[in-house]
Amino acid sequence: MCSDSPRTSGGLTAVNNVSFEVEAGTVVGLIGPNGAGKTTVFNLITAIYRPDQGEISFDQTSLINLPTHRIVSLGIARTFQTIRLFQNMSVLENVLAGCHCQMKAGVISSMFHTPRQRKEEGAAIQKALKALDFVGLRDQAEQLSKNLSYGNQRLLEIARALGTEPRLLILDEPAGGMNEQETALLVTFIEKLRDMGITVLLIEHDMSLVMRICEKIVVLEYGSKIAEGTPEEIKRDARVIEAYLGVDND
Ligand SMILES: Nc1ncnc2c1ncn2[C@@H]1O[C@H](COP(=O)(O)OP(=O)(O)OP(=O)(O)O)[C@@H](O)[C@H]1O
């Protein structure tokens, strides 16, 4: 995947000339001070925003001009910085909502609840339960989402993304609001995802997490890329140190 895309919003160029690649099967971190343009990059990849120019591609397929549901069906799923769950729906229903955008049965099939429709629904439930199992929430499948702890709601968002069977999982501050124990568990999940061959691109302010699990880190400041490299290279990079000077990195 690479991107090279100015994105102007109300006169502000949020992201300018940012270009990087995410190698399949790796965990890559996108970091930078608040307002650096990290979420904007995610919104560009997932077609929430459109770049004014540049290219964003996934496995040699251009994502420019594709609608979000097509991007999901290519194998890209994401979570959001602010939790976006259907709070009054069950845990399972939330994951199914993600799976549904991949179902192929047409309107007629859905109206008459044909065998094809029933078969697809059964497969979606199995996929959803598998995703819940992965994040340890299967036992709570029937709970209302709003009754989950904050950390578990974040894990549910990951399960919902996994329900679409992505090849690339994009996580926006997955450890945000998690306690130490929940963060440690999250790290094991991300490592497991990588071992399963799922590529992970994440934004995270928890630097110890980023340094521990990312093979590569891309650093943004004021909408531009200021560094890219291994955790060791990034820790030593003078521009990165300067960008973070005075910022609490813990
Ligand atoms: N829809 C929008 N309209 C106007 N300005 C926007 C919009 N989206 C983002 N911005 C601005 O673009 C800049 C980059 O925002 P973005 O959310 O991408 O930063 P970020 O690096 O993800 O920040 P944080 O770490 O605080 O989440 C900021 O100055 C932000 O205020």
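Q: Two strands count as paired if DSSP finds at least two bridges between them; with that in hand, how many bridges join E4 to E10?

A: This is a predicted model, and in it E4 and E10 run parallel and are joined by four bridges. One place to look is valine 28, which stands opposite lysine 216 in E10.

Q: Which strands make up the open sheet, and in what order?

A: Six strands form an open sheet with mixed pairing, and reading across it gives the order E7-E8-E9-E4-E10-E11. From one strand to the next the twist averages 15°.

Q: Why is one side of E7 and of E11 left without a neighbour in the sheet?

A: Strand E7 (76-78) and strand E11 (224-229) stand at the edges and have a single partner strand each, so one side of each has no neighbour in the sheet.

Q: In which sense do E10 and E11 pair?

A: Strand E10, residues 216-221, pairs with E11 in the antiparallel sense, over five bridges.

Q: How many residues of E10 are buried?

A: Burial is judged by counting neighbours, and a residue is buried if 20 or more other C-beta atoms lie within 10 Å of its own, exposed if 12 or fewer, and partly exposed in between. In E10, five of the six residues are buried, which leaves this strand mostly covered. For the protein chain as a whole, buried residues make up 37% of the 250 residues.

Q: What does H1 touch when it packs on the sheet?

A: Helix H1 packs on the sheet by touching strand E4 (27-31), E7, strand E8 (168-172), strand E9 (199-203) and E10, and its direction makes about 145° with that of E8. The helix is itself mostly covered, since six of its eight residues are buried. The buried residues of H1 are Lys38, Thr40, Val41, Phe42, Leu44 and Ile45. Just after H1, alanine 47 takes a positive phi of about 65°.

Q: Which residues around the ligand are the closest?

A: A shell of 13 residues surrounds the ligand, and the closest of these are Ala14, Asn34, Lys38, Thr39 and Thr40. Strand E3 (12-15) and helix H1 (38-45) are the elements that give two or more residues to this shell. Helix H1 gives the most, with three residues. Sorted by class, the shell around the ligand holds three nonpolar, nine polar and one charged residues.

Q: Which residues have the most contacts inside the largest nonpolar core?

A: The largest nonpolar core has 64 residues, and Leu132 and Ala159 are those with the most contacts inside it. Helix H6, residues 150-162, gives the most to this core, with six residues. If we leave aside its neighbours within four places in sequence, leucine 132 is in contact with Val91, Leu92, Val95, Leu137, Arg138, Ala141 and Ala159.

Q: Is asparagine 17 partly exposed or buried?

A: Asparagine 17 has 14 other C-beta atoms within 10 Å and is therefore partly exposed. This asparagine is found in the loop between E3 and E4, and its phi is near 55°, a positive value in a residue other than glycine.

Q: Does glutamine 60 count as exposed or buried?

A: Glutamine 60 counts as exposed, because it has 5 C-beta neighbours inside 10 Å. Glutamine 60 sits in the loop between strand E5 (56-58) and strand E6 (61-62), where its phi is near 70°, again a positive value in a residue other than glycine.

Q: Where does alanine 238 lie?

A: Alanine 238 lies in helix H10, which covers residues 238-244. With 9 other C-beta atoms within 10 Å, alanine 238 is exposed.

Q: How many helices and strands are in the protein chain?

A: The protein chain has ten helices and eleven strands. Among contacts between residues at least 6 apart in sequence, 66% join residues at least 24 apart.

Definitions and conventions: Residues numbered from 1 in each chain as written. Predicted model: local features only at pLDDT ≥ 70, side-chain atom pairs only at ≥ 80, totals over all residues. Contact = placed C-beta atoms within 7 Å. Near = placed C-beta within 6 Å. Nonpolar A, V, L, I, M, F, W, Y, C, P; charged D, E, K, R; others polar. Pairing = 2+ DSSP bridges. Axes fitted to C-alpha atoms, helices over the stretch in contact; angles between N-to-C directions. Core = buried A, V, L, I, M, F, W, Y, C linked by C-beta atoms within 7 Å.
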